[in-house]
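The following report is written for a reader who has the sequence and the model at hand. Please keep both in view while reading.

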Amino acid sequence: MLDKDLVMNKTLRILNRKQGEDSTGCRMGVVIARAGLGKTAILVQIALDNIFHGRNVLHVSVGEGLEKARAWYDDMFLHVTGDLPADRAAELAEYVQRNRMIMTFKEAVFSRPKLEERLNDLVYQDIFRPDCVVVDGFDFSAADFDEVADIKDLMSSMNLQVWFSALSHRADQRVSKEGIPAPCHDIADLFETVIVLKPEAPGINLHVIKDETACVVPGKVLALDPSSMTVQEG
Amino acid sequence: MKWNIDKVRNIGISAHIDSGKTTLTERILYYTQRIHAIHEVRGKDGVGATMDSMDLEKERGITIQSAATYCSWQDHTVNIIDTPGHVDFTIEVERALRVLDGAVLILCSVGGVQSQSITVNRQMTRYKVPRIVFINKCDRTGANPGRVARQVREKLGLNAVMMQLPIGLESDLNGVIDLVKMKAIYFDGDQGETIRYDEIPADLLAEAEARREELLDAASMFSDELMEAALEGTPTEEMIIAAVRQGTLALELAPVLVGSAYKNKGVQPLLDAVINYLPAPADIENTALDMANDEQEFTVVPDPEKPLISLAFKLEDGRYGQLTYVRTYQGAMKKGDTIVNSRTGKKVKIGRLVRMHANEMEEIEQAGPGDIVALFGIDCASGDTFTSPEVSMSMSSMHVPEPVISLAIIPVDNKSQGNMSKALNRFTKEDPTFKTFVDPETNETIISGMGELHLDVYIERMKREYMAEVEAGRPRVAYRETITRRAEFNYIHKKQTGGSGQFGRVAGYMEPLEEGEYEFVDKIVGGAIPREFISSCDKGFTKSLQKGTLAGAPVTGVRCVINDGAAHAVDSSDVAFQLAAVGAFKEGYLKARPVIMEPIMKVAAEGPSEFQGAVMGSLNQRRGIIIGTTEESNYTVVEAEVPLAEMFGYSTVLRSLTQGKAEFTMEFSAYKPVPKSVAEDVIKAYQEEKNKK
């Protein structure tokens with residue numbers, strides 16, 4: 001059923017595990033970018049890569065609807081599986097659906113206790129046991145160090161990998177000493193991996209600012225294919 | 001004959017269950033003076049809403065059959081079809097949308113865009129029906145029309161533009177602000193019948209101005225005149241209405257109005273909007289197929305002087321015989337006219353012509369283009385086209401979904417037996433999604449339809465309207481079978497038992513068909529099977545498709561290719577080759593790894609967030625795949641795909657899990673293979689049943 005090679009060449013595999021082995025256990029990563037540069041696309045690729053490697057992904061979307069999140073998965077899935085025979089693609093689509101759950105919250109509703117409650121519902125009732133959680137739309141500008149650390153503790157206690165997206169603003173020029181931009185500059189220590197998307201002619205580049213898992217040497221720059229928002233090789 | 005077609009509006013009212021469609025229609029009829037008292041759907045007076053004329057509808061508080069009525073507003077005739085909200089009666093909604101020119105999509109200001117609203121919107125899009133949105137129940141706790149308008153944009157993909165703002169919300173709802181007139185509208189009098197225009201309350205003025213700007217921006221896209229006037233600060237009411245109308249008719253704009261039908265607020269401006277923004281019959285391009293000219297598309301002209309083209313979209317068997325609801329597209333029909341059913345070629349004379357008002361009727365002499373009327377005593381099927389004798393046209397047919405659930409019914413006595421037949425005869429004629437047949441093996445009468453409620457209603461109607469008491473068996477899912485790989489066959493049918501014998505050999509292969517149900521391909525060369533017996537092979541395969549060998553379910557998604565065979569000069573015949581094809585199919589089928597498919601339903605369960613875990617757990621236990629959840633304030637929607645076989649009796653389970661606070665809707669999504677363990681059970685049950693016979 002799984003098709004590791006399929007994803008290896010097309011998604012963020014290199015960021016998603018230690019070289020030569022599958023990553024497990026807690027790890028917290030963040031994709032930082034200004035609006036419209038493709039944060040969700042990157043998160044969805046990370047999620048798909050996890051799914052194709054046999055792990056369950058909980059996609060938490062804050063402030064966006066279920067349909068929008070689904071549409072991202074459908075689009076990315078098409079890019080990844082476009083060359084496959086129709087029956088194989090249909091089989092994989094079914095597999096993705098079984099191994100992914102999307103949870104959407106209105107901004108005002110989302111909180112760490114709420115997330116814990118929902119995760120407990122899923123796990124204790126054996127409805128869905130995630131290995132990886134991606135959180136799209138979390139408002140880092142309104143959260144302090146303790147709050148994010150608390151979420152990290154929760155994920156650690158459940159042995160979950162977690163990826164966030166963070167919205168940066170052109171006007172906010174603050175950066176940490178490692179070069180991690182606001183709004184995550186003050187909480188950079190909490191993340192094992194930090195990726196920043198930057199518009200740089202002729203397209204958008206993905207900068208790996210920090211990676212404690214040693215998958216990638218910090219400073220690595222990858223280009224995104226502007227039509228599909230997938231990471232180009234090289 | 002003078003016929004002012006610009007003054008006709010044919011509209012439908014559609015929405016998610018319990019959004020207030022019937023309540024709104026009741027107000028419309030009251031304000032247009034078609035009725036003189038308002039009765040509520042579940043009112044204490046026990047009368048029930050005017051449009052819910054069936055006893056069952058009144059008791060259950062739901063609309064089962066779409067009902068037609070008409071009224072007059074601002075010198076216009078408005079034909080209204082009130083449609084059911086429950087997805088089991090979706091054919092009623094489809095029928096209505098096929099013949100309507102415009103629609104009002106009602107949304108609940110608390111529930112917002114719910115699952116059925118998405119279905120209804122999709123249906124409206126399929127039939128290219130321009131629509132206006134009415135956000136109802138603004139008097140309810142938790143009302144948030146702004147959020148609902150956002151959902152209309154995000155979930156329905158409509159370019160929603162607010163035409164009004166509410167003045168107050170929940171229990172403080174006092175009226176609405178008209179953003180075109182820039183006036184406050186209040187609804188005075190006991191039943192809100194007196195409209196009073198006033199200045200916009202000072203505390204809402206800034207917001208009203210901001211929203212009007214948005215309205216002007218959106219509407220300007222459809223009118224250069226308005227754009228220029230807006231830049232100069234001189235847009236007029238007429239300019240805005242004309243631009244919004246243009247955008248709406250082009251399906252590129254959805255005007256949004258607000259109010260509370262139950263509290264009698266916002267209904268009259270909604271009627272104004274129907275006149276202002278929804279199309280007259282002449283604004284919509286309708287096409288027919290010219291049967292005399294190789295089915296070429298032909299645009300109908302809504303001119304009363306042209307030959308008649310009309311569509312029968314709904315049948316009803318009433319006290320006075322069959323009543324046929326007809327929409328005329330071109331020409332006119334008069335009492336005494338002779339018209340032709342283009343499907344059967346049969347000529348019929350129009351005896352009585354009536355205009356329907358719920359279950360009451362008004363005799364009329366004639367109906368012009370765009371009218372919705374009913375004819376008496378005409379034998380036809382739903383979807384038939386009636387024309388003048390000099391033309392042969394057919395309107396395209398309606399989308400009719402396949403039934404997904406069936407059950408056996410057994411009459412309790414002889415009297416019920418006869419009555420049951422009469423009832424089934426009528427129901428199947430009225431409703432193409434309701435089907436019935438006698439299982440030749442069990443001799444049981446099987447009824448099939450779109451859901452438990454659908455069949456439940458018909459069983460109840462048999463009892464009430466036809467005194468036919470029946471015992472219903474357990475609901476059964478409409479399984480299907482298909483093949484998963486290519487397999488070859490080479491079968492000889494040979495019989496020699498005195499007299500003329502039978503001989504036929506059919507060889508070839510079968511393979512899965514990606515799209516469609518069945519395809520027959522003839523690749524015979526050199527006359528291995530004589531030409532006259534090729535169609536016999538096709539017939540034999542078609543016969544085999546009726547019942548698969550795994551669960552006795554219809555076989556779909558199969559391409560049968562014949563490429564070799566043999567015939568005998570004397571013993572080969574049509575029957576011999578049909579039987580040879582049946583044998584060949586059987587031989588190939590088992591090698592082609594057949595699987596059983598079951599209907600999968602898209603389920604949306606909505607309720608307070610505290611029950612989210614319980615709801616997800618219950619769907620998970622039913623082999624459901626949770627697609628996702630949407631949590632807003634204290635309310636959560638859980639969406640899942642669940643096999644229909646696991647959903648029987650779910651409403652009771654959900655009620656008890658959530659203290660009656662959650663509800664669910666479901667609609668057919670797709671056929672998917674059943675898991676192995678379940679397939680084994682289904683096969684076992686089928687074999688046991690077969691052995692019993």
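## Contact between chain B and chain A

In this predicted model, a salt bridge joins the side chains of Glu631(B) and Lys114(A), at 3.2 Å from N to O. The term salt bridge is used here for a side-chain nitrogen of Lys or Arg within 4 Å of a carboxyl oxygen of Asp or Glu. Side chains of opposite charge can pair when their charged atoms come close. Across the interface of chain B and chain A, 2 salt bridges are found. The same interface holds 11 residue pairs in polar contact, both residues being at pLDDT 80 or more. A polar contact is a pair of N or O atoms within 3.5 Å; within protein, one must be able to donate a hydrogen and the other to accept it, and residues adjacent in sequence count only if both atoms are side-chain atoms.

Which elements give two or more residues to the side of chain B that touches chain A? They are helix H14 (612-621), strand E36 (625-632) and strand E37 (635-643) of chain B. E36(B) gives the most to this side, with 8 residues. Helices (H or I, at least four residues) and strands (E, at least two) are DSSP runs, numbered from the N terminus.

The contact takes 20 residues from chain B and 22 residues from chain A, where contact means heavy atoms within 4.5 Å. About 1900 Å² is buried between the two chains, and carbon and sulfur atoms give 49% of this area. On the side of chain B, Ile625(B), Ile627(B) and Glu631(B) lose the most area to chain A, together 31% of what that side buries. Buried area is the accessible area (1.4 Å probe) that two parts lose on being put together, summed over both.

Two conventions apply throughout. Residues are numbered from 1 along each chain as its sequence is written, and chains are lettered from A and ligands numbered from 1 in the order in which they are written. Local features need pLDDT of at least 70, side-chain atom pairs count only at pLDDT 80 or more, and totals for chains, interfaces and linings use all residues, while side-chain values use heavy atoms, with hydrogens and water left out.

## Salt bridges within the chains

Over all chains, the structure holds 39 salt bridges. The table lists some examples.

| Pair | Closest N and O atoms |
|---|---|
| Arg174(A) and Asp172(A) | 2.7 Å |
| Arg211(B) and Glu214(B) | 2.9 Å |
| Lys539(B) and Asp574(B) | 3.9 Å |

Accessibility can be described for each pair. A residue is called buried under 20% relative accessible area, exposed over 50%, and partly exposed in between (1.4 Å probe, protein chains only). Arg174(A) is partly exposed at 47%, and Asp172(A) is partly exposed at 25%.

Arg211(B) and Glu214(B) are 3 residues apart in helix H6 (residues 202-220) of chain B, so about one helical turn separates them. Arg211(B) is partly exposed at 27% relative accessibility, and Glu214(B) is partly exposed at 40%.

Lys539(B) and Asp574(B) form a salt bridge. This pair links distant parts of the chain: Lys539(B) lies in helix H12 (residues 534-545) and Asp574(B) in helix H13 (residues 574-591) of chain B, 35 residues apart. Lys539(B) is partly exposed, with a relative accessible area of 42%, and Asp574(B) is partly exposed at 30%. Elsewhere, salt bridges that share partners join Lys114(A), Glu117(A), Arg118(A), Asp121(A) and Glu631(B) into one network.

Chain B contains 16 helices and 38 strands. Of its 693 residues, 57% count as buried. Among contacts in chain B between residues at least 6 apart in sequence, 71% join residues at least 24 apart.

In chain A, Val96(A) belongs to helix H5 (residues 86-98). Is Val96(A) buried or exposed? With 4% relative accessibility, Val96(A) counts as buried. Leaving aside neighbours within four places in sequence, Val96(A) is in contact with Leu48(A), Ile51(A), Phe52(A) and Phe77(A). Val96(A) and Tyr73(A) are 23 residues apart in sequence and 9.1 Å apart in space, C-alpha to C-alpha.
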